[in-house]
Amino acid sequence: MKQNSPEVTTRIRNFSLQLSSTPRGARLARLLATEQLRSWGLPLDPARQVIAELSANAATHGRIPGRDFRLLLYVVAGTLRIEVTDTRDDRLPVLSGSGRGLLLVDALTNRWGITPGLPPRKTVWAELDLAPEPGNPYSGGAGCLSQGPHG
């Protein structure tokens, strides 16, 4: 006997880039990710600013010549997650008054953190909550970014 249950559908969107750990690579990460956000119908800011800061940090503080960094964006349900992975697990970012990058990330996102990877990698991630599509609580990604206490 088959039971009737409501069908839950969640669209998952993802986008990944591997770029050189240079200022040019950081700029390309911001520009290409901005176009991806636009194609998904998402608001560009504050995500564009967060991508720029995390990519610049990877290219500046996470740089080892000849090694790239990776940018990953994905949207699941009501959350946009931005991940930047570099190859300097010995240099963890610190939230301090000496630089503005992580202070901006902290102010613009709902959550952020650092996840160790396989040596020598680390991933700095940030999440932005998205407003769901009207009438569909299982969507996300087609509305506006919420303007909560951090945005």
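This is a predicted model: local features need pLDDT of at least 70, side-chain atom pairs count only at pLDDT 80 or more; totals for chains, interfaces and linings use all residues.
Local features need pLDDT of at least 70, side-chain atom pairs count only at pLDDT 80 or more, and totals for chains, interfaces and linings use all residues. Residues are numbered from 1 along each chain as its sequence is written, and side-chain values use heavy atoms, with hydrogens and water left out.

Start with the fold. The chain holds 3 helices and 5 strands. These are DSSP runs numbered from the N terminus: H or I of at least four residues for helices, E of at least two for strands. Along the sequence they follow β-α-α-β-β-α-β-β. Of the 151 residues, 38% are buried, that is, under 20% relative accessible area with a 1.4 Å probe, protein chains only. Contact means heavy atoms within 4.5 Å. Among contacts between residues at least 6 apart in sequence, 62% join residues at least 24 apart.

Next, the interior. A nonpolar core is a set of buried Ala, Val, Leu, Ile, Met, Phe, Trp, Tyr and Cys residues joined through side-chain atoms within 4.5 Å. The largest one has 28 residues. Leu 37, Leu 54, Leu 71, Leu 73, Leu 80 and Ile 82 have the most contacts inside it. Elements supplying at least two residues each include strand 1 (12-20), helix 1 (23-40), strand 2 (68-76) and strand 3 (79-86). Helix 2 gives the most, with 5 residues. Leu 73 shows the packing: not counting residues up to four places away in sequence, its contacts include Phe 15, Ala 33, Leu 37, Trp 40, Ile 51 and Ile 82.

Now helix 1. Its buried residues include Ala 29, Ala 33, Leu 37 and Trp 40. Strand 1, helix 2, strand 2 and strand 3 are among what covers the buried residues of helix 1. Just after the helix, Gly 41 takes a positive phi of about 80 degrees.

Helix 3 buries Gly 101, Leu 102, Val 105 and Leu 108. They fall within an arc of 135 degrees seen down the axis, so they line one face of the helix; the arc is that of the directions from the helix axis to the C-beta atoms. On a 1 Å grid over the protein atoms alone, a pocket is an open set of points where a 1.4 Å probe fits, with protein on both sides within 12 Å along at least five of seven lines; lining residues have an atom within 4 Å of a point. Among the 21 residues lining the largest pocket, Asn 57, His 61, Pro 93, Val 94 and Leu 102 are closest to its centre. Helix 2 gives the most to this lining, with 4 residues.

Note on methods: Buried means under 20% relative accessible area, exposed over 50%, partly exposed in between (1.4 Å probe, protein chains only).
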